[in-house]
Amino acid sequence: MNTTLGLGILITYVCILLIIGAFAAKVTLKTREDYFLAGRGLGSIAVFMALFATNITAFTIIGQAGFAYQAGYGAYGYVIGWSIFITPFTYYLVGYRSWLLGKRYGYATQPQVFGAIFNSRLVKLLFLILLLYYTLPYLVVSIIGGSLAFTTISEGLVPYWLSAVLIIGISLIYTLPAGLRGTVWTDIFQGTVFLVLAIFLLFAVAQALGGFTAITERITQTNPAMLQRSLSPQIAPINWFSFAFINSIAVIVFPQMYTRILAARSSRNLKRVTLYYPLALAVIFGVSTLLGVWGSVAVPGLVGKDSDNIVPLLIQKFLSPTWTVLGLVAILAIVKSSIDSQLLSVAHLVTDDLLPRFKRISSQQAVFWGRIVLVIFAAAAFYIALVRPAAILSIAAFAFSGFAVILPVMIAGLYWPRANKYGAIAALIVPAIMLHLWYLEILPKWTTFGFMPVFPTFVLAILILVVVSYLTPAPPSEQREKTFGLFDQVFNAK
Amino acid sequence: MKFKIRLVLVALIVLIMFLLHNSFWLWGLDDRVPLLFGFMPFAFSYYVGYAILSVLVIKLIIKIAWPDPPADVIELFVDKESVDK
């Protein structure tokens, strides 16, 4: 690699982030609302890029390409097909009503929104515990994945531990002083960087392999199974169906995504984001799918996890060294834009929903404590990423499913006035336990009837919520009025 | 039209989109439909079309079931909604 050029591009990229962070810090007030929610004043582009950059992780380029290498073109529909529609739809289904409640009553997190809807401190606490429990391992795994990818693309020049330091350190530099505004403004830059680089990378690889048509003809002749979903052992219809209940519907439950919705300035901003989101998802996953499938004929023979290296290998084998540097920048942008928001949302949850249980905290003190918590979690995440304890990794493996099975309670709270706190509590606790029993293989596999555990757990959550709510007293009318009275004014306005 | 009916329409739309995603009966066309633009097989181009359809469908959902908050509700917001043009 051309070290001088590489360092030059990397330093320029980091400097731009620091300048954006400094500007964001300058306009950020030392209040809870401004630090954690950017004063609920984010416009369409800011919300769009914040959600998109947070949603896209190292998996999008590295993991999806590796999966497409093995499974063929069907990997596209399997992983992202349902998400293309349902993820933005949840911004309407859950996002808009939550945003209305946030604007009306000042709620800033899921524990606050759903604790208030169900008028229950236990529901609030359960949301807090479950969100932290699933977000932390997911955060650590994001750091591990990003650091490994960074080390691979730099051909070992940047060791794993230094990659982790870079990823966490740079994120902290702009997140600490500027809070959500810092992460969102840098997301606009980083999201643009990786989207543009990914598209250019696709064209560069296509050109190096003889053009779009030539490489596809080669696949058709040498490995026609890549075109047919029914021939792919990785894509069985029952898994295809089950997978629709994991990553696509879990996204709105991620605290870092949910908070960004609450931070939107207006309803019109949310509508624009929801409308155009499918295209952004389709493009970025389309690029990684094509790169993975093309790699299966350009660099054949990769087995198992080795296929996750297909994008770095395509860059190294077929493109100029400059692309190695650009690949590093893209990976940094993708990984950091997710990690900074995960760190901030964890700090937000602890500062806004956990600390006030022990100590009264003013708005200004919340910013101070938020920064301390941010540093503590960043240091802890770095340490865990180095040690990589098996327990954390096994929780991360089903974190998406864990988030997904919280969704029925969120939907019921926003749409079903008869849902009560007893139903919500049972539907949060029992599915979480069941997921552990299935994923940790304490229950035999046949008990899921061939589906991934998330599907029966999701159905179970709905059943428990309905049955327990009907068996216990209905919520008091004044409690229902607070939530559904507001919705009535908006949705049934003359 | 009552909002509950609009919500039922939205639910129907979601169901149709879910069926279109789980369209296993179309998998047999994967090697029969010609490549789109010379490089997109059916398993891929189907989801390019699905993405475009998603935008149109979301536009429809916004039209039928996503009203902006009326002025009297905005008045009640803890921080007033900024006018966004």
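The model is predicted: local features need pLDDT of at least 70, side-chain atom pairs count only at pLDDT 80 or more, and totals for chains, interfaces and linings use all residues. Residues are numbered from 1 along each chain as its sequence is written, while chains are lettered from A and ligands numbered from 1 in the order in which they are written.

Of the 32 residues of H5(A), 30 are buried, so this helix is largely enclosed by the rest of the structure. A buried residue has 20 or more other C-beta atoms, placed from the backbone, within 10 Å of its own. Gly106(A) follows H5(A). Its phi is positive, near 80 degrees.

Chains A and B meet through 49 residues of chain A and 40 residues of chain B. Contact requires C-beta atoms, placed from the backbone, within 7 Å. H5(A) gives the largest share of the chain A side, 15 residues. By class, that side holds 25 nonpolar, 17 polar and seven charged residues. Ala, Val, Leu, Ile, Met, Phe, Trp, Tyr, Cys and Pro count as nonpolar, Asp, Glu, Lys and Arg as charged, and the others, Gly among them, as polar.

In chain B, Ile13(B) and Met17(B) are among the residues of H1(B) that meet H2(B). This contact has eleven nonpolar residues, no polar and one charged.

Technical notes:
Contact = placed C-beta atoms within 7 Å. Helix = DSSP H or I, 4+ residues; strand = E, 2+ residues; numbered from the N terminus. Buried ≥ 20, exposed ≤ 12 C-beta atoms within 10 Å, placed from the backbone.
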